[in-house]
Amino acid sequence: MEIVNFTPIPAFVGGLLIGLSSILLLGLNGRIAGVSGILGGLLPPADSDTTWRLAFILGLVLGGEFFVMWGGDLRAVLIEANTPTLIAAGLLVGFGTRLGSGCTSGHGICGIGRLSPRSIVATVIFVAVAAVTVFVVRHVIGG
Amino acid sequence: MARIVAALACGLIFGVGLAISGMVNPAKVLGFLDFTGRWDPSLALVMAGGLVVYTLAFPLVRRKAKPLLADAFQLPSRRDIDPRLVVGAALFGVGWGLAGFCPGPALTALPFGFHKVYIFVGAMIAGSLAFGLWERFRK
């Protein structure tokens, strides 16, 4: 194995900000910072408490906008998947995260951070399955 | 009102964190998931950074009777591993591995101006909507 493109400092600093945001949302609003759950609660059948969800999602998008405004470099951003693959992937991510009650944020950070057995199991499963998927796409099908 | 401003600020910090971390770039996420190829360990440090803060601060926050701006903490209470959790996580894993996007980074990447992000986010919302419909028909 060869290590490539490793960016430890931005990765760790970005992770600290993600952790800070998640613990602030808990300490201030009493909520889990799980993006799939927050988004899902906005879609029909929506629950009654939608305004804070909309505000959080708006903040997420604005975060990307601010990154660009502050001169963030997008040249490396590469989306290899073609349109049919992106549609299949989006459907799987949307459905799977709701069925499994969480994604990388809700299970991977907030869930593991409070030592929830469900979140630890879910995170191990989605990382392992994603790794197998990448292996099949890149090294079996892609040869 | 304060809760809405707090949620907006938290979303903003989260989004900036995702952008700085590089996880808004699917090529970097797939570089981490490709353990047998040329490997990019960055995603592990993003998780480590997030978990250091959350794991250390969680017990301190939880000691309070209630959150600063709300009446109660709303935490999941289930501890059982059921088939829905396992199958849901596996379906999510396939989608994540195919595109390199999970929900947070896809939303933060919306303003970057790549039409592929709109396609993914549209499909992700459709998948989440489909789950809501499926739940309703099952009942």
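Ile3(A) stands opposite Trp39(B), a residue of strand β1 of chain B. This pairing belongs to a predicted model, in which 108 residues of chain A are in contact with 102 residues of chain B. The area buried between the two chains is about 9,900 Å², and carbon and sulfur atoms give 77% of that area.

**Strand pairing between the chains**

- β1(A) pairs with strand β1 of chain B, residues 38–39, in the parallel sense and over two bridges.
- Arg38(B) also forms a salt bridge with Glu2(A), at 3.6 Å from N to O.

**Make-up of the interface**

- Across the interface of chain A and chain B, 24 residue pairs are in polar contact, both residues being at pLDDT 80 or more.
- On the side of chain A that touches chain B, the elements giving two or more residues are β1 (2–3), α1 (8–29), α2 (35–40), α3 (51–69), α4 (83–99), α5 (104–113) and α6 (117–141) of chain A.
- The largest share of that side comes from α1(A), which gives 20 residues.
- By residue class, the side of chain A that touches chain B divides into 66 nonpolar, 33 polar and nine charged residues.
- Of the area that chain A buries against chain B, 7% is supplied by Ile79(A), Leu99(A) and Arg118(A), more than by any other three residues.

**Salt bridges between the chains**

- The rule finds four salt bridges across the interface of chain A and chain B, while the count over all chains comes to 11.
- Side chains of opposite charge can pair when their charged atoms come close.
- One salt bridge joins Asp34(B) to Arg138(A), with the closest N and O atoms 3.0 Å apart.
- Asp34(B) lies in the loop between α2 (26–33) and β1 of chain B, whereas Arg138(A) lies in helix α6 of chain A, so this pair joins two chains.
- Asp34(B) is buried, with a relative accessible area of 5%, and Arg138(A) is partly exposed, at 27%.
- Arg118(A), Arg78(B), Asp80(B) and Asp82(B) are joined into one network by salt bridges that share partners.

**Salt bridges within chain A**

- Arg31(A) and Asp49(A) form a salt bridge, their closest N and O atoms being 3.1 Å apart.
- This pair links distant parts of the chain: Arg31(A) is in the loop between α1 and α2 of chain A, and Asp49(A), 18 residues apart from it, is in the loop between α2 and α3.
- Arg31(A) is buried at 12% relative accessible area, while Asp49(A) counts as partly exposed at 22%.
- The side chains of Arg75(A) and Asp73(A) meet in a salt bridge at 2.9 Å, N to O.
- Arg75(A) counts as exposed at 75% relative accessibility, and Asp73(A) is partly exposed, with a relative accessible area of 45%.

- Arg53(A) lies in helix α3 of chain A and counts as buried because its relative accessible area is 7%, under the 20% limit.
- Leaving aside residues up to four places away in sequence, Arg53(A) touches Arg31(A), Gly37(A), Ile38(A), Gly41(A), Leu42(A) and Asp47(A).

**Positive phi in residues other than glycine**

- Asn5(A), which is not a glycine, has a positive phi of about 55°.
- Asn5(A) is found in the loop between β1 and α1 of chain A and is exposed, with a relative accessible area of 59%.
- Leu115(A), likewise a residue other than glycine, has a positive phi near 55°.
- Leu115(A) lies in the loop between α5 and α6 of chain A and counts as exposed at 59% relative accessibility.

Terms used: Residues are numbered from 1 along each chain as its sequence is written. Chains are lettered from A and ligands numbered from 1 in the order in which they are written. This is a predicted model: local features need pLDDT of at least 70, side-chain atom pairs count only at pLDDT 80 or more; totals for chains, interfaces and linings use all residues. Side-chain values use heavy atoms; hydrogens and water are left out. Contact means heavy atoms within 4.5 Å. Buried area is the accessible area (1.4 Å probe) that two parts lose on being put together, summed over both. A polar contact is a pair of N or O atoms within 3.5 Å; within protein, one must be able to donate a hydrogen and the other to accept it, and residues adjacent in sequence count only if both atoms are side-chain atoms. Helices (H or I, at least four residues) and strands (E, at least two) are DSSP runs, numbered from the N terminus. Ala, Val, Leu, Ile, Met, Phe, Trp, Tyr, Cys and Pro count as nonpolar, Asp, Glu, Lys and Arg as charged, and the others, Gly among them, as polar. Two strands pair if DSSP finds at least two bridges between them. Buried means under 20% relative accessible area, exposed over 50%, partly exposed in between (1.4 Å probe, protein chains only).
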